[in-house]
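Hi,

Here is the structure I promised to pass on.

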Amino acid sequence: MSEFQTVAKVGDIPSGEGRAFPIGGILVAVFNTAGEYSAIRDACPHMGASLATGHVEEGCVICPWHAWRFSVTDGTWLDNPQSKLGNECYAVRVEGDEIQVCRPAEEEPQAEQTDETSPAS
Ligand code: FES
């Protein structure tokens, strides 16, 4: 079941910039493009840089580490749009002066690794 969660107030994210917010166990990057808000997963699918800190221009964010470009609206990897490698996107709405993001499902905690080569005690 989807659920919208308030992450910021209108005015907290300057136009042409992004900010990262914890939601649903992950960081979500919320971008303000001339007053239109959009949200994608903050972690770059290449090596995990924060996309919220990237430069935003013409509907895309440029990853601060290796300059891969992603759509701020749907997470498409714009350098190779046919690739399945992209980033998740999330619904955003403005209610009054609150920016709300549709909360992704809670991430499952990673199962602990067991060392099966250890001798039994
Ligand atoms: S970490 Fe984003 S392009 Fe490498």
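Before the layout, a word on terms: helices (H or I, at least four residues) and strands (E, at least two) are DSSP runs, numbered from the N terminus. Going by that, the elements of the protein chain run β-β-β-β-β-β-β-β-β-β from the N terminus on, which comes to 0 helices and 10 strands.

Two housekeeping points. This is a predicted model, where local features need pLDDT of at least 70 and side-chain atom pairs count only at pLDDT 80 or more, while totals for chains, interfaces and linings use all residues. Residues are numbered from 1 along each chain as its sequence is written.

Now the sheet. An open sheet of 4 strands has the order β2-β3-β4-β8, with antiparallel pairing (two strands pair if DSSP finds at least two bridges between them). β2 and β8 are the edge strands, each pairing on one side only. β3 and β4 are joined by 6 bridges in the antiparallel sense, and F31 stands opposite S38 in β4.

Then there's contact (C-beta atoms, placed from the backbone, within 7 Å). A29 touches G18, A20, A39, I40, D42, L51 and A52, leaving aside residues up to four places away in sequence. Across the protein chain, among contacts between residues at least 6 apart in sequence, 42% join residues at least 24 apart.

Last, burial: a residue is buried if 20 or more other C-beta atoms lie within 10 Å of its own, exposed if 12 or fewer, and partly exposed in between, with C-beta atoms placed from the backbone. Of the 121 residues of the protein chain, 28% count as buried.

Cheers

Technical notes:
Two residues are in contact if their C-beta atoms, placed from the backbone, lie within 7 Å.
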